[in-house]
Structure formats: C-alpha cells, structure tokens
Amino acid sequence: MDAALFDADGDGDLDLYVVSGGNEFWEGAPLRDRLYLNDGHGNFRRADDALPVFFHNGSCIVPSRDFLFVGSRVVARQYGVVAAQLFARE
C-alpha cells in the first residue's frame, strides 16, 4: 500500500519500510508490514524481528525525525468497522 525510505537503524543509509494492506485478506500474515535494512551498499535484507508482531490493513507511512506513523483505515473484510490504534513508539 505504501513505502518509505528512512534511516531506521541510525547507520546513515536509507532503509525501506513497506506497509501491507488490502481488503482481500483476513487480518493475518499477508498483512504484516516489512522492514528491509540497507547494508550501506544498496543491498536490502529483511529484518524479520525488527517490528512488533501485528497484522493490520495498512494504508500509509510517514517517517519523522523522532517517530514513525503507520496509518490504517479499515479492518479487513469488516466494512464500516474503524481500525483501532495498534501501537505507538518513539
């Protein structure tokens, strides 16, 4: 659904965060966001344990200097149900 490049691990190069979403899936593994860390040479490696375990129908990502906002608009296959705040981290 969305992606952003930012320095997630503080090593000076840009890492990639990918937001997963889509109404064709139930809440679960296909809706897990992914973080790929850059090794400094443009090679990205998936960091499986870097994110908390949550599955949501994501829609957007906004990196900031002090925090990362990941938005979610709907609950998959439950039209009209408002998505709850999943986590907040500084």
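Two strands of this structure are said to pair if DSSP finds at least two bridges between them. The model described in these legends is predicted.

**Overview of the chain: six strands and zero helices.** From the N terminus on, the elements of the protein follow the order β-β-β-β-β-β. The protein has 90 residues, of which 32% count as buried.

**The open sheet, built from four strands in the order 1-2-3-4.** The pairing within this sheet is antiparallel. Strand 1 and strand 4 (44–46) are the edge strands, each of them pairing on one side only. From one strand to the next, the twist averages 25°. In general, the strands of a sheet pair through backbone hydrogen bonds, in either a parallel or an antiparallel manner.

**Strand 1 beside strand 2, joined by five bridges.** The two strands pair in the antiparallel sense. Strand 1 covers residues 2–6 and includes Leu5. Ala3 stands opposite Val18, a residue of strand 2. Strand 2 spans residues 15–19 and is mostly covered, with four of its five residues buried.

**Strand 2 beside strand 3, joined by three bridges.** These two strands run antiparallel. Val18, which stands opposite Ala3, has Arg34 as its bridge partner in strand 3. Leu16 has its own bridge partner in strand 3, namely Tyr36.

**Strand 3 beside strand 4, and the hairpin of these two strands.** Strand 3, residues 34–38, pairs with strand 4 in the antiparallel sense over three bridges.

**Tyr36, a residue of strand 3.** Tyr36 is the bridge partner of Leu16. Is Tyr36 buried or partly exposed? Its relative accessible area is 21%. A residue counts as buried only under 20% and as exposed over 50%; Tyr36 is therefore partly exposed. Ala50 is 14 residues away from Tyr36 in sequence, and their C-alpha atoms are 9.3 Å apart in space.

**Ser20 in the loop between strand 2 and strand 3.** The side chain of Ser20 reaches the backbone oxygen of Arg32 at 3.0 Å. Ser20 counts as buried because its relative accessibility is 6%, where the limit for a buried residue is under 20%.

**The salt bridge of Arg46 and Asp48.** How many salt bridges does a search of the whole structure find? The search finds one. The side chains of Arg46 and Asp48 meet in a salt bridge, with a separation of 3.1 Å from N to O. Arg46 has a relative accessibility of 39% and so counts as partly exposed. Asp48 is likewise partly exposed, at a relative accessible area of 47%.

**A nonpolar patch on the surface, formed by Leu5, Leu14 and Phe44.** Together, these residues have about 290 Å² of accessible area.

**Strand 5 beside strand 6, joined by five bridges.** Strand 5 (residues 58–63) and strand 6 (residues 68–72) pair in the antiparallel sense. A hairpin joins the two strands through four residues. Within the pair, Ile61 has Val70 of strand 6 as its bridge partner.

**Gln78 in the segment after strand 6.** With a relative accessibility of 36%, Gln78 counts as partly exposed.

Conventions:
Residues are numbered from 1 along each chain as its sequence is written. This is a predicted model: local features need pLDDT of at least 70, side-chain atom pairs count only at pLDDT 80 or more; totals for chains, interfaces and linings use all residues. Side-chain values use heavy atoms; hydrogens and water are left out. Patches are made of residues with over 30% relative accessible area and no salt bridge: like charges are joined within 9 Å, nonpolar side chains (Val, Leu, Ile, Met, Phe, Trp, Tyr) within 5 Å. Accessible areas come from the Shrake-Rupley method with a 1.4 Å probe; for residues, only the protein chains shown count as cover. A salt bridge is a side-chain nitrogen of Lys or Arg within 4 Å of a carboxyl oxygen of Asp or Glu. Axes are lines fitted to C-alpha atoms, for helices over the stretch in contact, and angles run from 0 to 180 degrees between N-to-C directions. Buried means under 20% relative accessible area, exposed over 50%, partly exposed in between (1.4 Å probe, protein chains only). A polar contact is a pair of N or O atoms within 3.5 Å; within protein, one must be able to donate a hydrogen and the other to accept it, and residues adjacent in sequence count only if both atoms are side-chain atoms.
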